[in-house]
Each structure stands twice: as C-alpha cells, then as structure tokens.
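This report describes selected features of one model.

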Amino acid sequence: MQQVSTLSWLVRCAVAAVALLLACGLAPQRYGSALQQPAVTTRDGTLVTLNRYVQEPVPDIVLVGSSVTWRLKEEYFSLPGLRNLALAGGSPVTGLAIVAGQARLPKTVLIETNVLSREADGALIEKFSHGAGAEALLLRPVRTAIAAYETWNHAGPDAARSRAEQDRLLARPPGTFDNKVYLDRALQQMNDGDPTAPARANVVRMRQLIDDLQRRGVRVFLIHIPFAPEIEGSRMVRTTGEIVHEAFPDRGLWLPIDPPGNELRWDDGVHLDERSSLMVARAIESALAGRRDARGP
C-alpha cells in the first residue's frame, strides 16, 4: 500500500510539473511582451533588446548605434513610441540592418555616425531579420516563470515620477568627476588606429540600407553624439567624420542636435554621464520637433 501511495504522489507531481511548464511555455503567446525574458549572460542584454523589438508593436522612432547612443536611455525621452536599439560594443549597421530586415518598419530611424570602425554582427542580423530569434524550447518555460516573477516584483518606473527626477537632475550643476586618466587613454586609442577601411565599408552598407528604408517610406536621419573636445580632434573621429560626410553630403539627411556644450560631461571623454545623456536626448527631441514643424501639420 505504501508503494502504491508513493507512486500515486509521484504521478501527480509529474503531471503538475508538466502542466506548469506547459502553462509557462504558452504564457508568452497570450501575454506577449508583458513577460520580458530575463538576461542570463552578458550577450543576453543585446538579445533581450532585439527580441523585445521584433516581438512588440513597431515603434514610431528607432535609434541605432554603438555604446555612445546606448547611454541615451529610452526613459530619457518624452516621445511616445521610441525604441533605442543601440548595442554596447556594436556597430550602428547591425541595428540598422535588423530594422530594415523586418516586414513592418518604424516611421523614423536615427543612425549614430560616431563609431563606424566595427564590423556589423552578421550572426545577430541573421538571427533577428524577418522575425523573432529562435529560443530554446526547453528553457523558455522556466525563463517565462522567472520573467513573470520579476514583472510582478519590479514594475516599471512611473512616468511622471521619472520625469520629475530627470528635471531635478538637470537642475543640478554639471558633474565634477576628474576623468583625465580615462580621457588620455581613450585619446591614445583613438589616435592609434586607422578607421578608414572599416568606415568606408560601413558607409557603403549604410547607403544601401538607407535607400531601402527610404523607398519603403521611412524617414532616416544621421546624428553625431558630442564627444569631449579632445576626442573630437582625434584621428578616428576626424577620419570617420570625413568619410561619412563625403558619403552623405545631403544636409537634409543630417539631424543637427545642439545641446549646451559647456554643460556636457563625459565619464571617459567618449561616453556621456547621466545628466549629459539626458540633455542630449532632449536636444534630439527638440531637433525632431523642428523637422516636423518645418514639414507643416
């Protein structure tokens, strides 16, 4: 009798476990992006960002770029329907190719031109073009359960409260962090390398993708995020700037952003600090509003 009772409980536990895993596996089909799959590796940060893009409704505005634009967090923008697909350590061409590879497109795409010395990530482009990337079916139920727990315990920030905190941050004086050691190191690295070959290859690919997006009705703008003055004079930045402006001479393709330069600060001369990132995000919003006004209602 004891063996029968034990077997009965084992069967019940097995059935319950299968039912729970099945429910977790089907939950994303029902609730979609409300249950965001958590990252489990460093590269997963990129995968979560891109999975979120291809699974959720198409946003109105998309930013693509490197870690320079990655610092411009989505919550810094008041524009609804904006998604930042900039990839830390990556190339703007990667995000641009993934956006162009979708059947449905945003209305506007902003392309960072600061860093064009890196090759596009072909594996990511292949994985996320023409729909969502594949996910391990056996891990998906477990990760969905974790996602539900995280969503329940860590709700997103309240928009009004977040805006008030940002306004308080902007009201503070600029940061006083001494970044000279990091600035000198970044300047040396940017003067050592020659970005000519990869930058020329990237602008050729960008031209193809931009033409494709424009034919499909997307407004495309190129942007340059401010660097520290010393970095702006480096070999890499000067060479990249010459190449990209030669490839895209049409001033209408560029979105000039004009944050208060004397207020900007950089953690390392390259990446803006939080307050400066917020200022640049608002400058981008202002520039986009100006372009809309120029076109009329």
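## Helix H7

Ser162, Gln166 and Leu169 are the buried residues of H7 (buried is under 20% relative accessible area, exposed over 50%, partly exposed in between, with a 1.4 Å probe and protein chains only). These three lie on the same side of H7 because they cover an arc of only 55° around the axis, taken from the directions from the helix axis to the C-beta atoms. Ala160, Arg161 and Ala171, on the other side of H7, are exposed.

Helices here are DSSP runs of H or I with at least four residues, strands are runs of E with at least two, and both are numbered from the N terminus. The model is predicted: local features need pLDDT of at least 70, side-chain atom pairs count only at pLDDT 80 or more, and totals for chains, interfaces and linings use all residues. Residues are numbered from 1 along each chain as its sequence is written, and side-chain values use heavy atoms, without hydrogens and water.

## Nonpolar cores

A nonpolar core is a set of buried Ala, Val, Leu, Ile, Met, Phe, Trp, Tyr and Cys residues joined through side-chain atoms within 4.5 Å. The largest has 36 residues, of which Leu110, Ile225, Ile231 and Ile284 touch the most other members. Helix H12 (274-295) is one of the elements that each supply at least two residues of this core, and H12 gives the most, with eight.

Apart from this core lies another, of 35 residues, including Leu96 and Met206.

## Val54

Val54 is in helix H2 (residues 44-55). Its relative accessibility is 14%, so Val54 counts as buried.
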